[in-house]
Amino acid sequence: MQADMADIVGIQGLLGSGSIWYNILGIIVYAVIVMVLLSVFGYTFGWIERKIIARAQYRHGPTYVGKYGFLQNMADLIKLLSKREIRLAQGDNFMVRISVPLMLSLSVFILLLLPFSQSLQATNLGLGLLLVFVTIAFFPMFVFLTGFSTGNKFGDISAQRSVLMLLSYELPMIIVIVTIALATGSYNIQGIVAAQANRWFALVMPLGFIVMFVAMLAEFERPPFDLREADSELIAGWLTDISAPYYALVLFLDYTRMFLGSMIISLLFLGGWLGPSFLPGIAWMLIKATLVALFVIVIRATMFRMRIDRVLHLGWLVLIPLSLINLLITYIVLLWIL
Amino acid sequence: MKIDREQLTSQVDRMKKNGYDYLVKITAVDYSDHVEAIYMLRNLDAGKDESLEVELKNDDLWVPSVMRSYRGADWYERELSEMFGIEIRGRTAERLLLEKWDGANPPLRKDFVWGVQYKAKEE
Amino acid sequence: MAITRINIGPVHPSTHGVLRLVVDLDGDMIERVETHIGFLHRGVEKLVETRMYMQSPAYMEKLDYVAPLSYDEAYVAVVEKALGIEVKERAQYARVILLELQRIASHLLWLGTMCNDLGQMFTVFMWSFKDRDMVLKLLEEASGNRMFYVNVRLGGLQRELPPDFEAQTLEVMDYMEKRTAEYERYIERNPVFMERMKGVGVLSSKDAKDLGVTGPVLRASGVEYDVRKNNPYYVYENLHFSMKSQEKGDNFSRYRVRIMEIKESIRLIREAFGRMPASGDMAGMPIRLRSPEPVNKVSKLSRELPRGECLMYMVADPQKPYRLSIRSPSFINLAALSHIAKGQRLADLFAILGSLDLVMGCVDR
């Protein structure tokens, strides 16, 4: 099942193997490609979200700037970037300033670990999947850091909620990953996708798929789990005291994280780039990610926000048992039936 | 029904026992020569309303609190004391209900004339 | 446990205006809520004393900007009582129809903001806003204004209802009936909504009486008192009005009471159109500088507004009110907040606040 290392082009493959300078150039070129993909998809998801939610509410959404308002987000971005930065009297300004850009760099880092197709990946690590999820677990920590260092009580409550949610959602997620690794025999993402050649894992382990999807929603602050920036309760939670340029980054980060989440879901459960051969693998990958993101957006348009105690209840008493059952079923099927 | 200030609490208690368990409103009217505090009570089951009117002299403005009988009297009493300058005895109001204002006289009294600029009270 | 004290408002997304709350939190639990009001205090009670009788309805409408017509009507009605003016029968029906339309509009707006407070992304809010707009259009047809109508005159209305008003209204009512069922289907099947509404913010019937809450909040706690039923005015006696109440007194009961009231209002409007005398006059007295001499020195009158019972207490002088005291429903419902919210979670505070249906203009006067 192990993906053949020789097939993977990666950084070397872009420019052909050669001296170290070629490698460094390859890294830079690939990082630029990833950054562009992330920006384009993050931006487009932002536009799609505004449009879809507007249609769900009898509105039109942005219409004036650009065709169908496509450039509205760009205009908003420019407006936010041109605003002045507020220095907090009681907060730790340094922490606030570094943590948001760090979160953005984390998402780029994760994207470098994810393959877009069989040949397009920065580096194919044997424990790639583990590293991805270890990195994802840093997001709530940075939310905590930002919320705590703004010195605002709303940020404070938001930071506490962030840690509580981290505790309740990491565990089921890790259990599902273990199950996947059990089924494929590796933590290598290439290998995991290759193992889905016959049938997707979403069909093999539907329970695991549901658990992972819910946990991802919670992890990336999508409704109904947007308790950290619950606007009707905590104003904006950890973002209450963030000044405009950083807020623009956070908005962008929201959409890039949505892209990341849908990428991970489609890689692990929807067969990644596998699909009929009339389209290249990367196209299938992006189509699947977009469909997952659309579903996430529709959830945002319809759901009410959950309460923190119910979220913990769901995490500990529903998702963890479900993921364990999923593990058990997979193990039994692997051991005795296959 | 006109009653004396001294009988107010006992009368309210008695009426509450007789089924008037709902306080509609406490308000007051400044008749220049005296101030009248009005307690409107209601018997919800029978659908009957009853008003208790307490006449207060201008230089002796206080009423006993009816908070003991109706918890809903809290805000009405505070409003009364802020708007009419009627002292409510037998309870503590930890702070002003409506926000602080810088005028000198209670605004709903007749010696407060609409449109006149009042000097801020000295702190 | 250490107590965290947080300040909410006066500018906050879900305080429905300028309300300030100081909340003491023990972990996620609310220990104490301190309510600060008065940011919107305009001294209307004093202002009215300086104006002629029919100059004031416009001020009354600004008290409750979500259901302006109801306040307008309550004020004109107390003036009518003081001046001893009878309302023409046809005008009574027309007033009932307009008041019920206003109730539907107000409850629809409440539904939207309630869902927003529960963290919905404005979806239900926009839906109900669209539907409310249809009702507002009807009221505009009848009065000429979209928000502030000022079309209640002594003894009647400003003018006759437009000729096709009945057909238009009935059409909108049919639509509204379908939509209400749709809201119920959408909202009550949502597990998160039910989880956050059921059993949250319970107000027992004993406490409800003791705290003096009113309107849907009182009826949701199982106390059956509706001015339209217990102390009927106009033609509510003739219409087969049935009071809506619930037992439990939680957020969900308050939601149910309001949804059922929308349905009841739709039914009432239909019935009122059926019973309205075809001929007759509904125009009231035009606004003149001099109004008739008052016949009652002190007049008192209750009206069931969308938010609860409004009691107008007026001491009359010739031409001007000597004193007008308004018992506003939001004021006393807000006073109960600190009692209801005690021991609840922080997130539920906003659900409770939403379920009380407050308008800060009405609280502060």
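A polar contact is a pair of N or O atoms within 3.5 Å; within protein, one must be able to donate a hydrogen and the other to accept it, and residues adjacent in sequence count only if both atoms are side-chain atoms. By that rule, chain A and chain C have 13 residue pairs in polar contact, both residues being at pLDDT 80 or more.

This is a predicted model, in which local features need pLDDT of at least 70 and side-chain atom pairs count only at pLDDT 80 or more, while totals for chains, interfaces and linings use all residues. Residues are numbered from 1 along each chain as its sequence is written, chains are lettered from A and ligands numbered from 1 in the order in which they are written, and side-chain values use heavy atoms, with hydrogens and water left out.

**Who touches whom**

- Two pairs of chains are in contact (heavy atoms within 4.5 Å), and chains B and C share the most contacts.
- Chain A and chain B are not joined by any contact, and their closest C-alpha atoms lie 24 Å apart.

**Chain C with chain B**

- Here 43 residues of chain C meet 39 residues of chain B.
- The two chains bury about 3,600 Å² between them, with 55% of it on carbon and sulfur atoms; buried area is the accessible area (1.4 Å probe) that two parts lose on being put together, summed over both.
- On the chain C side, Lys46(C), Asp210(C) and Tyr322(C) lose the most area to chain B, together 18% of what that side buries.
- Six salt bridges (a side-chain nitrogen of Lys or Arg within 4 Å of a carboxyl oxygen of Asp or Glu) are counted between these chains.
- One of the salt bridges joins Lys209(C) to Asp21(B), whose closest N and O atoms are 3.3 Å apart.
- Several elements of chain C each supply at least two residues to the side that touches chain B, among them helix H1 (44–49), helix H8 (205–211) and strand E8 (321–327); helices (H or I, at least four residues) and strands (E, at least two) are DSSP runs, numbered from the N terminus.
- E8(C) gives the most to that side, with five residues.

**Chain A with chain C**

- In this pair, 24 residues of chain A are in contact with 35 residues of chain C.
- About 2,700 Å² is buried between chain A and chain C, and carbon and sulfur atoms give 60% of that area.
- Tyr58(A), Phe304(A) and Arg307(A) lose the most area on the chain A side, together 28% of what that side buries.
- Three salt bridges are counted between chain A and chain C.
- Arg307(A) also forms a salt bridge with Asp348(C), at 2.9 Å from N to O.

**A sheet in chain C**

- Three strands of chain C form an open antiparallel sheet in the order E1-E2-E3, where two strands pair if DSSP finds at least two bridges between them.
- Strand E1 (3–8) and E3 of chain C are the edge strands, each pairing on one side only.
- From one strand to the next, the twist averages 20°; axes are lines fitted to C-alpha atoms, for helices over the stretch in contact, and angles run from 0 to 180 degrees between N-to-C directions.
- E1(C) and strand E2 (residues 20–26) of chain C pair over six bridges, and Thr4(C) stands opposite Leu25(C) in E2(C).
- Helix H14 (residues 346–356) of chain C packs on the sheet and touches E1, E2 and E3 of chain C, its direction making about 145° with that of E2(C).
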